[in-house]
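Let's take a friendly walk through this structure, one part at a time. Keep the 3D view open beside the text as you read.

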Amino acid sequence: MTAPNLQLRDVRKSFGPTEIIRGVTLDIAAGQRHALIGPNGAGKTTLFNLISGRFAVTSGEITLDGTRLDTLPPHRINRLGLSRSFQITSIFHRLSVLENLRCALLWSRGYRYSFWQTLTRQTALNEAAERLLEDINLTSRRDIQAGLLSYAEQRALEIGMTVAGNATAILLDEPTAGMSNTETEYAIAMIRRLTEGKTLLMVEHDMRVVFDLADTITVLVYGEVIASGPPAAIRANRTVQEAYLGAEAA
Amino acid sequence: MPWILMLLVAVILPWLFRDYTHGRDNGFMTAMFSQMGMMIIFALSYNMLMGEAGLLSFCHAVFFGFGGYCVAHFLNAIVVWVPLELLPLVGGVCGLALAMIFGAMATKQRTTAFAMITFGIGELAVTAAIMFQHFFGGESGITTDRQNASSLFGINYAHGLQVYYLVVAWTLVAALGMYYLRGTPLGRMANACRDNYERAQFVGYDPRMVRFLQFALSGLFAGIAGGLYCITYEIVTYDAVNAPLSGNALLMAFIGGVGSFSGPVIGAILITALQSGLSLMSNSWLVYVGLLFIAMVTFAPTGITGILHAHAPIVRNRRLAALAVPYGRLMLPILVVLVGFVFLVEMLSFVTIGAAEGKTIDIFGLTPDVYAPLPWVAMVAGTAIGIAWLRWEARRFFVVWDGLMTEIAPVAR
């Protein structure tokens, strides 16, 4: 299973008369860790919603290894191997932690809408869910309702669900938002481990995380890409400093 | 274990009410137990939507009734040989087929929009039942004779008890089937779509497809229940597709508890018993059932099983005895409120209906003078005092309850 490349060609999105994404062209190379940064309201999450199919694009093209995504509903995009997390935790809150992971594994393991197999008898599936549970370090919370987990635990579960289904392109929307320093460090290590060999695109506000994790950084301001390149180049970029980094660093 | 226990109870039950001196079965009780069986299937199939998939349907009786009508026509014009024992399955297949058609419409939406569509479907079915005389038989319905069909075991089903055991067998099969479905990928994804349909999309599932399949399968089981209804009563009228029956499904599932598998079973048994028992005792029995529903939804939205479940940690810690006195203290004001309220309802019912029918009033063996002010004043005051007293006791109860919960919380974790 090789990592795919993700391409955006002149992607635009308007809500009514307001154009939120104003012609974004972006190449995310296979196997790359790509960070998307930018001030609030720049359209980072909107871009995620366009790529993952949550919103329809107004114009432009999004392709995953050459396959058009922008005409497909979210579940079809997911089946092509693109998975995402949400800025606001999105889990199955009344199901147990293990059930959440198992649900995230089902489709990729070919169970589809089966109503003739018993989940408890699917040994390989359950072992995979248990392994994932260990990976995100929630083994001790296995049978607890996901809605009752702590915030950081829910974020970990969300990342676990996002990487569960053998997706080769992973989109993480502010995975460390609202976490303490130690929790952030832990989450970064986990993301690094779980997205090994996959194409990763993440929105992140924490600059330490961005410069620590990303191979390439793209800066989005008011729906437009103002710079894209390796961390060192972005750090040195004058426009970026003026538009964004300077204000934060000061 | 609970399955075997339930089956044993179901098998023994009619024999407890048998009149041994005359060697006769209690026909009323046997009929009520049969009704309970089909209502258990019906309520469980409703909960496949309500509890498992979070879909509030107002047209569930349509599939029940359609299953019943189909079996009636099947019995009247047997073309293909199907033994009576397997006829409920014919009802099920017809329920499934109709649920696939209507489900394709309704499951396009979820939440309120879904509920509204099902409401429309329910109205449509009732209108159709009155309009299309050939199929639905108008107001008089379709009558049939279950003895038209042959039996796999050479049973003639002339006897109510034989029909009852057929119902028991099918209730067991259907309940096992629905229990099995909960543990399958589809069943789990129905829960997932209920909790967060958007997340379900991003793990590869089409929530609409999940809803559709769940809806269709619940129609299958409702149709089985309808088939049993037809076999039991040998008549199907448009009451079987009508809105009150759909409402009953909601009532049974909700009062029993939509959060667990046993909830709708308990709800079906309780509501059927109330309908059969209370309706013999009082004209205004529906008032009591309605009030029970309001009280449950307001104060215990998790239903009876939800209340029982809340006690589980207390039982585990062997502290249930600590609640005995607080519960006892609650009973007294509850009794006062009930007596006061029952008197008010019955007196009112007597003044408006009963007196005109030339009946004499009799409430718990008492005959209050409904034209004098005293009984009214006394009962209004009694009810009001009872409510105030109950609220006061309830507060005390929850102090004890909360104390217990904090006491055992560390252990439960």
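Predicted model: local features only at pLDDT ≥ 70, side-chain atom pairs only at ≥ 80, totals over all residues.

Confidence within chain A is highest in helix α3 (residues 97–106) of chain A, at 97, and lowest in helix α9 (residues 238–249) of chain A, at a mean of 68.

Now for the overall build of chain A. This chain contains nine helices and ten strands. Its C-alpha trace spans about 60 × 40 × 35 Å along the principal axes. A compact globule of 250 residues would have a radius of gyration near 18 Å, and chain A agrees with that, at 18 Å. Buried residues account for 45% of the 250 residues in chain A. Among contacts in chain A between residues at least 6 apart in sequence, 67% join residues at least 24 apart.

Next, find the open sheet of four strands in chain A, which has the order β2-β1-β4-β5 and antiparallel pairing. At its edges are β2 (18–28) and β5 (67–68) of chain A, each pairing on one side only. Eight bridges hold the antiparallel pairing of strand β1 (residues 6–15) of chain A with β2(A). To get your bearings there, look for Leu8(A), which stands opposite Leu26(A) in β2(A). Helix α1 (residues 44–51) of chain A lies across β1, β2 and β4 (59–64) of chain A, and runs at about 70° to β2(A).

From here, move on to β7(A). How many of its five residues are buried? Five of the five are, so β7(A) is largely enclosed by the rest of the structure. In a regular strand, side chains alternate between the two faces of the sheet. Both faces of β7(A) are covered: Ala169(A), Leu171(A) and Asp173(A) are buried on one side, and Ile170(A) and Leu172(A) are buried on the other.

Strand β6 (residues 82–84) of chain A pairs with β7(A) in the parallel sense over three bridges, and Leu82(A) stands opposite Ala169(A) in β7(A). Strand β8 (residues 199–203) of chain A also runs parallel to β7(A), joined to it by five bridges. One pair to look for is Leu172(A) with its bridge partner Met202(A) in β8(A).

Glu174(A) sits in the loop between β7 (169–173) and α6 (181–194) of chain A. Its phi is near 45°, a positive value in a residue other than glycine. Is Glu174(A) buried or exposed? Glu174(A) counts as buried because it has 21 C-beta neighbours inside 10 Å, and the cut-off for buried is 20 or more.

With 11 C-beta neighbours inside 10 Å, however, Thr111(B) counts as exposed.

Notes: Residues numbered from 1 in each chain as written. Chains lettered and ligands numbered in written order. Helix = DSSP H or I, 4+ residues; strand = E, 2+ residues; numbered from the N terminus. Buried ≥ 20, exposed ≤ 12 C-beta atoms within 10 Å, placed from the backbone. pLDDT = per-residue confidence, 0-100. Rg over C-alpha atoms; globule rule 2.2 N^0.38 Å. Contact = placed C-beta atoms within 7 Å. Pairing = 2+ DSSP bridges. Axes fitted to C-alpha atoms, helices over the stretch in contact; angles between N-to-C directions.
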